[in-house]
Every structure is written in structure tokens, then in C-alpha cells.
Amino acid sequence: EAMTYTRKTRDEFAIEQRTSQGWEIACSEDTFKEARQRRKEYRENQPQFDVRIKKRRVKIEEPK
């Protein structure tokens with residue numbers, strides 16, 4: 001009987017803005033599609049800041 005693989009991390013997409021202090025995380029989303037939408041909104045509402053999406057791996061907490 002083969003064991004099934006369980007991921008130990010999940011993908012998260014951080015929306016970052018460049019401010020005078022450097023790149024700061026404004027928010028994060030679970031899907032790239034949602035992250036693109038947030039980036040579009042930030043660019044429309046605050047065009048003075050550069051905005052980027054960074055993919056990160058987040059450790060999944062094991063249930064106790």
C-alpha cells in the first residue's frame with residue numbers, strides 16, 4: 001500500500017508596495033488571480049507607489 005504525499009507548505013502571493021523604507025507587504029492572497037486583482041487595485045488607487053507580487057511558501061501548521 002503506497003503512502004500519499006501531504007504538502008508541508010502552501011503557496012501564498014504577497015502584494016508588496018515600495019515605500020521610502022523599501023518594499024513592504026500590503027496584503028496577501030491565496031491565488032495568483034486574486035493577487036493580480038489586488039495589484040491592479042493598488043496601482044489604480046495609489047499610482048505613486050510601485051507594486052509587485054511575490055510568491056512565498058508558508059508552512060502549514062499541523063492540527064493538534
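Visitor: Is E44 buried or exposed?
Guide: In this predicted model, E44 counts as exposed, because its relative accessible area is 53% and the cut-off for exposed is over 50%.

Visitor: And what about K40, buried, exposed or partly exposed?
Guide: K40 is partly exposed, since its relative accessible area of 46% falls between the limits of 20% and 50%.

Visitor: What do the side chains of K40 and E44 do together?
Guide: They meet in a salt bridge, with 3.6 Å from N to O.

Visitor: Where do those two sit in the chain?
Guide: Both K40 and E44 belong to helix 1, which covers residues 32-45, and they are 4 residues apart, or about one turn of the helix.

Visitor: Can you take me through some of its links? What are the distances for R7 with D11, and for D11 with K55?
Guide: The side chains of R7 and D11 form a salt bridge at 3.3 Å, N to O, while D11 and K55 form a salt bridge at 3.7 Å, again taken from N to O.

Visitor: How many residues apart are D11 and K55?
Guide: They are 44 residues apart, and the pair links distant parts of the chain, with D11 in strand 1 (residues 9-19) and K55 in strand 3 (residues 51-59).

Visitor: How accessible are R7 and D11?
Guide: R7 counts as partly exposed at 41% relative accessibility, and D11 also counts as partly exposed, at 22%.

Visitor: How many salt bridges does a search of the whole structure find?
Guide: The search finds 11 salt bridges in the whole structure.

Visitor: New topic, then: which residues make up the largest nonpolar core?
Guide: The largest nonpolar core has 5 residues, namely F13, I15, A35, V51 and I53. The elements that contribute two or more residues to this core are strand 1 and strand 3.

Visitor: What does A35 touch?
Guide: Leaving aside residues up to four places away in sequence, A35 touches F13, I15, E29 and I53.

Technical notes: Residues numbered from 1 in each chain as written. Predicted model: local features only at pLDDT ≥ 70, side-chain atom pairs only at ≥ 80, totals over all residues. Heavy atoms only, no water. Salt bridge = Lys/Arg side-chain N within 4 Å of Asp/Glu carboxyl O. Buried < 20%, exposed > 50% of the residue type's maximum accessible area, 1.4 Å probe, protein only. Core = buried A, V, L, I, M, F, W, Y, C linked by side-chain atoms within 4.5 Å. Contact = heavy atoms within 4.5 Å.
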